[in-house]
Amino acid sequence: MITDNFTMEVSGLSVDVVRKDIKNLHVSVYPPNGRVRVAAPQQLDDEAIRLAVISRLGWIRRQQKGFDYQTRQSQREMVTGESHYYQGRRYLLDVVAHDGRPSVRIVNNTRMELRVRPGATRDDREKVLLQWYRRRLREQIPLLLKKWEPKVGVEVAEVRIKKMKTRWGTCNREARRIWLNLELIKKPAVCLEYILVHEMVHLFERHHNDRFRDLMDQIMPQWRLFRETLNRAPLAYEEWKY
Ligand SMILES: [Zn+2]
């Protein structure tokens, strides 16, 4: 496949262009800085690409603003009264000083009680919450694999969780290993399920081509709705690559 990569200036915007054997032009805006990347069909000339970017400038700017918001959101103070998300719901953080083991619990479906030692720093508090998020995500995986492995017709060797900036999930086909973005635990449950199934289907088909979409349609007919939910949920990274 011939690729031709270059950077183009459009209205003060620096745009990375990649030519590929594809039918449609795709514009993506990536966190955390709002980098713009265009994937363009081979036969499309520079001027056509420039016009396509210009016609999407409003959309691009909106995405970049969203990332600014996201960056602010991620630089939390970890103090009482802040909003934090878990499985698609918003909770008000309640930081409680407590001499025992640090913990997190959901209270009355509205509060996320974070118990930390007196004098715990912001980073200490965040670490406790991230560990809790990780455990909550981890504990869902066995049941989801049990449900989806027979439907997809594949056995997953291992699922790992990590913080990723540009992907919701990724996989290694040879090792049959899947990585899920820790952020998924903040999204509605169907989003986690969708990304897991998406990566399982990648174990058969690497590319997002017709075969991939056919498999997804057979295995999880509502996947487009789930994808939309993922991109619409609070704290969404619009146009993430997955
Ligand atoms: Zn994918």
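The legends below accompany close-up views of a predicted model.

**View 1. Three histidines hold the zinc ion.** Look for the NE2 atoms of His198, His202 and His208, the protein donors, which lie 2.1 Å from the metal. Along the chain these donors of the zinc ion follow the spacing H-x3-H-x5-H. His198 belongs to helix H4 (residues 189-202), while His208 sits in the loop between H4 and helix H5 (210-219), so the pair ties together parts that are 10 residues apart in sequence.

**View 2. Helix H1 has a buried side and a face turned away from it.** In H1 (residues 46-55), the buried residues are Ile49, Ala52 and Val53. Seen down the axis of H1, they fall within an arc of 100°, so they line one face of the helix. A handy rule applies here: an α-helix has 3.6 residues a turn, so residues three or four places apart point the same way. On the face of H1 turned away from the buried side you will find the exposed residues Leu51 and Ser55.

View 3. S7 and strand S8 (residues 111-116) run antiparallel and are joined by 5 bridges; Ser103 stands opposite Arg115 in S8.

**View 4. The largest nonpolar core has 46 residues.** Met112, Leu180 and Met200 are the residues with the most contacts inside this core. Two or more residues each come from S6, S8, H3, strand S9 (158-162), strand S11 (177-181), H4, H5 and helix H6 (223-232). H3 gives the largest share, 10 residues. To explore around Leu180, leave aside its neighbours within four places in sequence: its contacts then include Ile141, Val159, Ile161, Met164, Trp168, Leu192, Ile195 and Leu196. Another core, of 16 residues, lies apart from this one, and among its members are Ala40, Ala52, Leu57 and Ile60.

Conventions: Residues are numbered from 1 along each chain as its sequence is written. This is a predicted model: local features need pLDDT of at least 70, side-chain atom pairs count only at pLDDT 80 or more; totals for chains, interfaces and linings use all residues. Side-chain values use heavy atoms; hydrogens and water are left out. Donors are N, O and S atoms within 2.8 Å of the metal (3.2 Å for Na, K and Ca); water is not among the atoms, so sites may look incomplete. Helices (H or I, at least four residues) and strands (E, at least two) are DSSP runs, numbered from the N terminus. Buried means under 20% relative accessible area, exposed over 50%, partly exposed in between (1.4 Å probe, protein chains only). The arc is that of the directions from the helix axis to the C-beta atoms. Two strands pair if DSSP finds at least two bridges between them. A nonpolar core is a set of buried Ala, Val, Leu, Ile, Met, Phe, Trp, Tyr and Cys residues joined through side-chain atoms within 4.5 Å. Contact means heavy atoms within 4.5 Å.
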